[in-house]
Amino acid sequence: MKMMQTKNYLVPEIRKIVLVGCGGTGSYLAEGLASMIAGYRMNIILTLVDFDVVEDKNVYRQLFMPFDATGKKYKSEALSEMLNMRFGLKSSFSTERIEKQISGGRDTIIITCVDKVSVRKLFKDSQLWLDLGNDRTSGQAIFGTTARPETVYEEKRRWKNSPHVRALPNVYLRAGLAHLEDTPDVPSCADTPFTEQGPLVNRWAAGIGLGIIEQLLVQGEVRTPCSFFDTVAGVVAPMRITKEYLN
């Protein structure tokens with residue numbers, strides 16, 4: 001049987017990480033990311049972005065303490081303080097609207113852990129973008145570098161000319177976000193009863209996201225830029241970079 005050729009994406013030097021969304025998935029991903037930065041002693045500036053305030057309902061499924069809700073702290077503020085104290089970091093936080101956070105070049109990873117399609121679309125031109133999403137029992141993490149079909153096509157055209165890829169389709173292309181809209185009247189995970197969605201799915205999403213981040217920050221090359229999971233089936237399905245992946 002003919003083996004399918006796979007390639008890696010070589011990661012540029014990373015100096016900054018901006019995590020947008022510090023809720024169910026974002027808070028647990030932030031904890032793992034902070035542990036990684038501190039443990040490997042990485043010289044990386046971490047900024048947490050979220051303008052929501054911690055509420056009592058957030059304590060049960062997100063990484064917050066009851067006093068964060070009592071003190072009406074912003075999620076990004078409470079999380080930054082907690083991680084700095086625990087891991088000795090100097091992370092910063094922002095409570096400005098997400099639209100003002102769209103920045104960063106080849107040295108900045110943008111990570112989105114948000115519910116709305118409209119918010120995801122704002123980041124489609126980010127050069128290094130990791131997006132995480134989930135429903136009640138399944139989800140995915142997708143890393144990419146471009147939303148331009150012509151750039152991906154060029155990568156396919158030169159497939160045989162290099163052992164590495166220079167560009168990867170981001171979630172805007174992989175999930176067809178251009179044709180999707182926000183679903184009205186869908187409650188957030190914090191407003192969903194535990195009998196319908198417990199905290200497990202967010203931890204799974206954070207876990208597969210951290211697997212990709214480990215490739216980006218520690219290994220310096222990405223082999224599996226996309227992973228899907230299903231908590232009911234107990235399955236995680238990573239995807240390698242093949243020519244077909246670029247379709």
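## Packing of two helices

Helix α1 (residues 24–39) and helix α3 (residues 75–87) pack at an angle of about 30°, with their axes 10 Å apart; axes here are lines fitted to C-alpha atoms, for helices over the stretch in contact, and angles run from 0 to 180 degrees between N-to-C directions. That angle makes α1 roughly parallel to α3, a term used for angles under 35 degrees, with over 145 counting as roughly antiparallel, 65 to 115 as roughly perpendicular and the rest as oblique. The crossing of α1 and α3 is right-handed, in the sense that the near helix is turned clockwise from the far one by less than a right angle. On the α1 side the contact is made by G26, S27, A30, E31, A34, S35 and A38, and on the α3 side by L79, L83, R86 and F87, where contact means heavy atoms within 4.5 Å.

This is a predicted model, in which local features need pLDDT of at least 70 and side-chain atom pairs count only at pLDDT 80 or more, while totals for chains, interfaces and linings use all residues. Residues are numbered from 1 along each chain as its sequence is written, and side-chain values use heavy atoms, with hydrogens and water left out.

## The sheet

An open sheet is formed by 8 strands in the order β4-β3-β2-β5-β6-β7-β10-β11, with mixed pairing; two strands pair if DSSP finds at least two bridges between them. Helices (H or I, at least four residues) and strands (E, at least two) are DSSP runs, numbered from the N terminus. The edge strands, each pairing on one side only, are β4 (92–94) and β11 (235–239), and neighbouring strands of the sheet are turned by 15° against each other on average, direction ignored.

Within this sheet, β2 (residues 16–20) is mostly covered, 4 of its 5 residues being buried, that is, under 20% relative accessible area, whereas exposed means over 50% and partly exposed in between (1.4 Å probe, protein chains only). Strand β2 runs parallel to β3 (residues 45–49), joined to it by 5 bridges, and V18 has T47 of β3 as its bridge partner. Strand β2 also runs parallel to β5 (residues 108–112), again through 5 bridges, and here I17 is partnered by I109 of β5. From β5, 3 bridges lead on to the parallel strand β6 (residues 129–134), in which L130 stands opposite I111.

## Helices against the sheet

Together, β2, α1 and β3 make a right-handed β-α-β unit; with the strands pointing away from the viewer, the path from the first strand over the helix to the second runs clockwise. Helix α7 (residues 200–219) lies across β2, β5, β6, β7 (138–144), β10 (226–230) and β11, and runs at about 165° to β6.

T25 lies in helix α1 and, at 9% relative accessibility, counts as buried. Not counting residues up to four places away in sequence, T25 touches C113, L132, N134, N202, A205 and A206.

R61, in the loop between β3 and α2 (66–70), counts as buried at 1% relative accessibility. Leaving aside neighbours within four places in sequence, the contacts of R61 include G24, Y28, C189, F194 and P199. L200, by contrast, is placed in helix α7 and counts as partly exposed at 46% relative accessibility; L200 and R136 are 64 residues apart in sequence and 9.3 Å apart in space, C-alpha to C-alpha.
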